[in-house]
Amino acid sequence: MKIARPQTAVYWTPSTLDGFGNVTFATPVEIAVRWENKVELFIDNQGKEQKSAAVVYPVSEVKLEGYLYLGTLDDLSPAEESNPKSVTTAKEIRGVSASINIKGTQTLYKVWL
């Protein structure tokens, strides 16, 4: 069974640290997703229980500390494209899981924001 991913999101992958220890981001890309605005409990990377603001099922792997925005690059200004923290509705990726489907033919990703 394939998960339908009818929506588009903008993804900023974390890249490097700047001279002040802050994460910088690579050029954003559009990816297909299924986005659900819902609260769900999950365990973060430090083993702490957290509550999500949204759960997203992207078509490809994404990384912790990256950002997702439900929409397209055309929705964003050049300043917003360069810094996801300036996009009020962009959310940080706080949890990621991946599992292989039962046939071993597809990796299913789940992300908590």
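**Figure legends: a predicted single-chain model**

**View 1. Overall fold.** One helix and eleven strands make up the chain's elements, where helices (H or I, at least four residues) and strands (E, at least two) are DSSP runs numbered from the N terminus. Their order from the N terminus is β-β-β-β-β-β-β-β-α-β-β-β. The model is predicted: local features need pLDDT of at least 70, side-chain atom pairs count only at pLDDT 80 or more, and totals for chains, interfaces and linings use all residues. Residues are numbered from 1 along each chain as its sequence is written, and side-chain values use heavy atoms, without hydrogens and water.

**View 2. The ring pair Phe25 and Tyr67.** The structure holds two aromatic pairs; rings of Phe, Tyr and Trp (its six-membered ring) pair if their centres lie within 6.5 Å, and planes under 30 degrees apart count as stacked, over 60 as edge-to-face and the rest as tilted. Phe25 and Tyr67 have ring centres 5.6 Å apart and planes at 85 degrees, so this pair is edge-to-face. Phe25 belongs to strand 3 (residues 23–25) and Tyr67 to strand 8 (residues 67–70), so the pair ties together parts 42 residues apart in sequence. Phe25 and Tyr67 are both buried (under 20% relative accessible area, 1.4 Å probe, protein chains only; exposed is over 50%, partly exposed in between).

**View 3. The ring pair Phe42 and Trp112.** With ring centres 5.4 Å apart and planes at 10 degrees, Phe42 and Trp112 are stacked. The pair links distant parts of the chain, 70 residues apart: Phe42 is in strand 5 (residues 41–43) and Trp112 in strand 11 (residues 107–112). Both Phe42 and Trp112 are buried.
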